[in-house]
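This report describes the strand arrangement and helix packing of the model shown below.

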Amino acid sequence: MASEKSMTSPPLLPNVRVGFGYDVHRLVTDRALILGGVEIPYKLGLAGHSDADVLTHAIMDALLGAAGKGDIGGLFPDTDPLYKDISSLKLLSQVADIIRDASWVISNIDITLVAQAPKIAPYIGKMKTRIAAVCNLSISQVNIKATTTEGLGFVGVGEGIAAYAVCLLMEDIPDAG
Ligand SMILES: [Zn+2]
């Protein structure tokens, strides 16, 4: 059926979906600061039921959003003791399984972390490596940028850290071979 048509038509574009995620956590004392699965030495850490890895949470919501699978609050309720202090990379691994089971492959993930302090740049390589490993991606498919808010707003005064993430999913079409 496609043989004649394919001679004249452009190749079919893959089915793709974009997803967006946003998360904020409050900075508090007596908590480790975990971002992208990496512990960063700092006087404050993020408050939350899990390890409060705001960057990884934004990624999960982007992936779930693209696949039409809701959000992490629905998937991993913060009332469930199972997720108390859990590594968010473990949750990301479960989300990656959900994406794969729904016949999507991740094309890329792009993240902007918004924090006034500490300096994030020295840890970005390690974060990318860990996220790529959990999602079964190459490092080039994961991009992390960090910015400040020039001292403005809740991030600027150091009350919290925010993260934004977008991702692109492509339909996983089994090779007809
Ligand atoms: Zn969160």
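**Sheet**

In what order do the 5 strands of the open sheet run? The order is β4-β1-β7-β5-β6, with mixed pairing; strands pair if DSSP finds at least two bridges between them. The edge strands, each pairing on one side only, are β4 (45–46) and β6 (142–147). Helices (H or I, at least four residues) and strands (E, at least two) are DSSP runs, numbered from the N terminus.

The model is predicted: local features need pLDDT of at least 70 and side-chain atom pairs count only at pLDDT 80 or more, whereas totals for chains, interfaces and linings use all residues. Residues are numbered from 1 along each chain as its sequence is written.

Strands β1 (residues 16–28) and β7 (residues 160–171) run antiparallel and are joined by 11 bridges. Val18 has Leu168 in β7 as its bridge partner.

Helix α2 packs on the sheet, touching β1, β4, β5 (104–114) and β7, and its direction makes about 155 degrees with that of β1. Angles run from 0 to 180 degrees between N-to-C directions, with axes fitted to C-alpha atoms, for helices over the stretch in contact. Contact requires C-beta atoms, placed from the backbone, within 7 Å.

**Helix pair**

The axes of α2 (residues 54–67) and α4 (residues 88–101) come within 10 Å and cross at roughly 15 degrees. That makes α2 roughly parallel to α4 (angles under 35 degrees).

In α2, the residues meeting α4 include Ile59, Met60 and Leu63; Leu92 and Val95 are among their counterparts in α4.

Technical notes:
Parallel < 35°, antiparallel > 145°, perpendicular 65-115°, else oblique. Contact = placed C-beta atoms within 7 Å.
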